Amino acid sequence: MNNENGPENVAVDMARFMNYGSHAEQLAIPLLNNFNVIKSENPQVVFVSSAEAFVYQVVSDGPLRSEETFDDRVNLVVRNTKEYMKQQNMDDVDKSFFFYKDYKNDTFGFKVYVQDLILTMDNQKKVVRQLNAYFVEPRFNDFYQVTVSAGPFSMPTQMLKLGTVDLENDQITKILDTMMDNVLNNLKYR
């Protein structure tokens, strides 16, 4: 009988965390202009950088299970993220996380979602807009999330249009969309 916190599970967890970084080393993750790399202590965060009010990161969620499809994992991540947002008492969760587009480069296929995080900070409502692109790296069958985000902006905001994508009139989303396309176009194997 295995103890949940026994040495067997600790060793398995340690190996899994080490695999996040070693598997991600095969990826050529582009650095956006004027962004500075930030060191992360979280083993799942394989890359993070920032510039002014923008953050860009790549997170590993480990390999797909043998019976799991890419769409299964995307749906699970979306469901879990919405549940977490509800537990954190964020506003309009069902309208704040939605599918945006499919995207492909020469190596990977992505599903891109928009997420508006409406939260209370310092007794004031604020919003962070982020684009999340999910993909599977086929060599190790690892699932990744690429995120570009902007904010927080005070609410109500004229900086962006919540719950929708309007690239003609919403400069923040237009910038995020351009950043995401640039990252996804240049994300490949070393």
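Which residue in β8 is the bridge partner of Tyr134? In this predicted model, that partner is Gln145. The pair belongs to the contact between strand β7 (residues 124-137) and strand β8 (residues 142-154), which run antiparallel and share 11 bridges. Phe135 likewise stands opposite Tyr144 of β8. The hairpin that joins β7 and β8 has 4 residues between the strands, and Asn141 adopts a positive phi near 65° there.

On its other pairing, β7 meets β6 in the antiparallel sense, again over 11 bridges, with Val127 of β7 as the bridge partner of Ile118. The hairpin of β6 and β7 leaves 2 residues between the strands, and Asp122 in this turn has a positive phi of about 55°.

These strands are part of an open sheet of 7 strands with antiparallel pairing, ordered β2-β3-β4-β8-β7-β6-β5. Because β2 (36-37) and β5 (97-104) each have a single partner strand at the edges, one side of each is left without a neighbour in the sheet. Strand β7 has 12 of its 14 residues buried and is therefore largely enclosed by the rest of the structure.

Helix α4 (residues 171-186) lies across β4, β5, β6, β7 and β8, and runs at about 155° to β8.

Helix α2 (residues 70-87) also contains Lys82. This residue is buried yet has no salt bridge; Asp94, the nearest side chain of opposite charge, is 4.1 Å away, whereas a salt bridge requires a separation within 4 Å. Beyond its neighbours within four places in sequence, Lys82 is in contact with Val93, Asp94 and Phe97.

Note on methods
Residues numbered from 1 in each chain as written. Predicted model: local features only at pLDDT ≥ 70, side-chain atom pairs only at ≥ 80, totals over all residues. Heavy atoms only, no water. Buried < 20%, exposed > 50% of the residue type's maximum accessible area, 1.4 Å probe, protein only. Lys, Arg positive; Asp, Glu negative; His and termini not counted. Contact = heavy atoms within 4.5 Å. Pairing = 2+ DSSP bridges. Axes fitted to C-alpha atoms, helices over the stretch in contact; angles between N-to-C directions.
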